[in-house]
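Work through each task with the structure at hand before reading its solution.

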Amino acid sequence: MLARWVYLAFCTAAFVFLVAPILVIVPLSFNAEPYFTFTEGMLRFDPEAYSLRWYRSIFEDGVWTRALVNSLVIGVSATLLATSLGTLAALGLANSAMPARRTVMGLLISPMITPVIIAAVGMFFFYSSLGLAQTHLGIILAHAVLGVPFVVITVTATLSGFDQNLMRAAASLGAGPLRSFWRVQLPLIAPGVASGGLFAFAASFDEVVVVLFMGGLEQRTIPRQMWAGIREQISPTILAVATFLIVFAVLVLFTVEWLRRRGGQAPSGGD
Amino acid sequence: MVDQVIAETGLEASKQQARQRRRAVGLALPLIAFVLASFVAPLGTLLVRSAYDPLVADALPETLTLLRAWDGTSALEEPVYATAARELLQAREERTLGQIATRVNRIKSGLRSVVTRSVRKLRNASGDSWRETMIGIDDAWGEPEVWLAIRSAGERFTLRHYINALDLMRQPDGSIARQPEERRIYLPLLWRTLAISLGISALCLVIGYPIAHLIAHAPPRRANLLLLLVLVPFWTSLLVRTTAWIVLLQTQGVINSLLVAIGLVADDGRIAMIYNMTGTFVAMTHVLLPFMVLPLYSVMRSIPPSHVRAAASLGATPFQAFWRVYWPQTLPGVGAGSLMVFILAIGYYITPALVGGSKGQLISNMIAYHMQTSLNWGLAAALAAILLVGIIALYVLYDRVVGIDRMRLG
Amino acid sequence: MVSTDGTPHVEFTGVSKSYDGRNWVVRDLDLAVQKGEFLTMLGPSGSGKTTCLMMLAGFETPAAGTIHINGVPVGDLPPHKRDIGVVFQNYALFPHMTVGGNLAFPLEVRGMDPSEQQERVARTLRLVRLEGLEDRRPGQLSGGQQQRVAIARALVFDPELVLMDEPLGALDRRLREEMQYEIRRIQRTLGITVVYVTHDQQEAMVMSDRVAVFRGGAIEQVASPEVLYEEPERAFVAHFIGENNRLNGVVRTVGDGVCEVEVGDALIKAVSLGQCPPGAAATVVVRPERVNISLGEGRHSYANEFDADIEDIAFLGDHIRLRLKLCGHSGFIVKIPNVVGHGGVLEGDQIRVGWTALDCRALKPDAADDGEDPSASG
Ligand SMILES: Nc1ncnc2c1ncn2[C@@H]1O[C@H](COP(=O)(O)OP(=O)(O)OP(=O)(O)O)[C@@H](O)[C@H]1O
Ligand SMILES: [Mg+2]
């Protein structure tokens, strides 16, 4: 019995450790004062102690809106690239005739395992020599390749649950290979493709190291701007931005879970 | 006859297989090409950079030819001085002199100013003997050290960066020895990185195991809710999570203020919990914990509760039931989670950079330092290459233990 | 319904198949299916039935030999151009389309106009008795309903040839019997040719005009269910279809259609197919229900009459099953119809058994087994 209480107390503490830091940010972003801690007024729930000034400052300061546009342009382009190439490759990898399957898989997943700093340094050297450093295109290519593993893993997992007999059935009913793919296979693996794409987008939306090494002023994304904010002049505006990002994370999370359920896969954690 | 049919059979089977194979490869090929071009090629460039530096060799070709013929001790003759002066002035015109000086300086410190200052003065110098002029500007030009340094910086292919990165040095006789203890920087940092990563993996396992267990065996509704508590941090921006720890842990932060408010800590005795090793440790454990919990959870969920019950019915104590029946079955998850956390921790950059202060920096931060501050790109590349080799080894290990095709997300 | 004249609807000639280039999954197979015929491929697991079906549907290519449909070789015809209806073992219904969508799919890819599509879909659903379920998703149907949808989808585009691979494997027994009847009814109504795969021999016998018994990638015998049961030509068929006693012995004399086989110390008179010359080994097969028993006093006059010891008695409702020891063989099975109970026999009794020479056949022994297990089945 005692053991059970210790176990539950420990787990509770662990969950608090996981979630509390994120939750603390939200109220602090409404702080009327430029501090990073709860003022006495906030603790008394004095309405005066709360304000939206940091949220206003996000929109007044063009830096953040520009960063958002950059993040979206880069994120969406990288996601489209990674998702389309990644889905095709996953279709090839799902075929048992694929030679050197494990090696290829290892190659395609390696961008996820390689420390970003190494990738960023290498990309800086390589892309500079091609004149792609400090361009949107360079960052898009870099983010796309960093997003590839997420798409490959997710779509491959989805395909492993796909019944190949459906494709034979489609053929027996008179549909050619292309039509079978569009009408039967793609709609059925679409949730997996979409959640792979979301993973890739989230990865790009949160990526800072490559942007740090390869991006110029023109390529400042939201995380890059936050990095600058944390390093240089730490103002509660960052907390307001962070609150937005938390909301974004929760939305992505629910979308992915919803897609997972639609895809008929096991709930989170995979297997 | 039979043999012939078998042969034809094999032929037809292999023809059909070949067709299938072509199709599979065709589908995967665009992505393979893309990854090779935009990811593997950069890593290749990095490896080249770590051992290949043509700048000095290209700028001072004739000087270097002369120096290579030199025995390294005897006094140099006028032609060397004349050629060097000409090529150095040329380099100054082409604005590569600064980079040359930096490289020479890395071989023997103090030579940067010798080179740049001398060449500036050489511009206005005139005379019959470049030798005397140069020695007149700086005595150092009369010593072999400068020339040896230039000759060494002029090697296109060099292991110099690796020698530096491994805290070794080349002795005057050309042999390689370890740096004296107090001048070793990178190996201790590498060990520290490994130790911290190991510590973080262990901590993640200790925290992650019970909560994965709790989630895996809770009733479905509650399990989903608890899982959200793991997944929200997983999906939340890394920078947001790091910011959160700054907000909590800094001296004027939430926790210190709380401790002061309840009187546990004096206002002038606030605890330094961040911008040091503790900061790195706490924040990285938080960031990496989901990577431990998720694989553990998925393994534990597949263990039927009847196993532990069966053990109990056979007379095992709860501890025995856990240790002999449950724990062994979770080992794949433990392996997958620990290896993944370890791999990710070793290469971590952002979190230590933001909350690690000077004591909580890892090898990645050193790479960034040499890229951005000291501008010793060759050394940065060598350090990155060493880290890369380690990561590849761990990746292969992960493939053996877990199998990369079994990797799942969130 | 079965037209035996003209070219066969489907013809396999010398077809062989290997997946790995080393092992034969199908070997030198010849088989002709007539128009309007219901032919079942029956055989143990791994005997190559599905492979044959898949070659016919175009999903696999034969390594050697040719397949003709209506006299035309189809080697180069891709599956989607073959116009063959296929019912898959797990149904393979498209889960993201409604029942109506599933049925309309083949019509749509053939460019039929929507109103005619609708009309056809409705008509076909009526045929399989699923009116009004157009808008359901496959996931919302019971197993039996899904099965009917799968059949409807394979029929909706009016193929003349329909292939079914163990379509009833996943259903419970009652539903299975009902569906056997339904499929047979639909096949007769439409006059289509059906090639059906199962490893359930009872199903094969209930449904088929003819049954092809597969074994190790080759056909052992093709015949109507009755002929297969009464006149097996191979020891394997004899014990794969129904239950049979097998007694191994050596042929002593061969006469006019009848031979004598020495089993233990007894001589058994059996029908000879000319497979076994005198002196050769032979397996004598006799059905358990063709063996008569008498309890000592009243003697019959059968060509084959022996004393036997009762080892075991089991009451099975419609019949009583005796296990006997006879001619030194243990486990000889006899079934007595339950007309008057078990007639007072007891375990350990000695009884007299007899059967006619026409009720037993001398066959070449099965190479692959030693004939000791008389109850092998698919
Ligand atoms: N795609 C494949 N690749 C390799 N071998 C295969 C493949 N499909 C079937 N086989 C092998 O071919 C043999 C015949 O298989 P087939 O599926 O035709 O048997 P079956 O008679 O349909 O059996 P079942 O009653 O179990 O369905 C088996 O030994 C099987 O292992
Ligand atoms: Mg089969």
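**Exercise 1.** In this predicted model, identify the residue that stands opposite C:Phe38, and describe the sheet around this position.

*Solution.* 
1. C:Phe38 stands opposite C:Val194, a residue of S8(C).
2. Strand S3 (residues 38-42) and strand S8 (residues 193-198) of chain C pair in the parallel sense, over five bridges.
3. These strands belong to an open sheet of six strands in chain C, ordered S6-S7-S8-S3-S9-S10, with mixed pairing.
4. Strand S6 (84-87) and strand S10 (218-223) of chain C are the edge strands, each pairing on one side only.
5. From one strand to the next, the twist averages 15°.
6. Helix H1 (residues 49-57) of chain C packs on this sheet and touches S3, S6, S7, S8 and S9. The direction of H1 makes about 150° with that of S7(C).

**Exercise 2.** Characterise the interface of chain A and chain B by its extent, its polar pairs and its residue classes.

*Solution.* 
1. Chain A contributes 96 residues to the contact, and chain B contributes 95 residues.
2. About 8300 Å² is buried between the two chains, 80% of it on carbon and sulfur atoms.
3. The count of salt bridges between chain A and chain B is one. A:Arg102 forms a salt bridge with B:Asp399, and their closest N and O atoms are 2.9 Å apart, within the 4 Å cut-off.
4. There are 11 residue pairs in polar contact across the interface, counted where both residues have pLDDT 80 or more.
5. On the side of chain A that touches chain B, 76 residues are nonpolar, 12 polar and eight charged.

Methods. Residues are numbered from 1 along each chain as its sequence is written. Chains are lettered from A and ligands numbered from 1 in the order in which they are written. This is a predicted model: local features need pLDDT of at least 70, side-chain atom pairs count only at pLDDT 80 or more; totals for chains, interfaces and linings use all residues. Side-chain values use heavy atoms; hydrogens and water are left out. Two strands pair if DSSP finds at least two bridges between them. Helices (H or I, at least four residues) and strands (E, at least two) are DSSP runs, numbered from the N terminus. Axes are lines fitted to C-alpha atoms, for helices over the stretch in contact, and angles run from 0 to 180 degrees between N-to-C directions. Contact means heavy atoms within 4.5 Å. Buried area is the accessible area (1.4 Å probe) that two parts lose on being put together, summed over both. A salt bridge is a side-chain nitrogen of Lys or Arg within 4 Å of a carboxyl oxygen of Asp or Glu. A polar contact is a pair of N or O atoms within 3.5 Å; within protein, one must be able to donate a hydrogen and the other to accept it, and residues adjacent in sequence count only if both atoms are side-chain atoms. Ala, Val, Leu, Ile, Met, Phe, Trp, Tyr, Cys and Pro count as nonpolar, Asp, Glu, Lys and Arg as charged, and the others, Gly among them, as polar.
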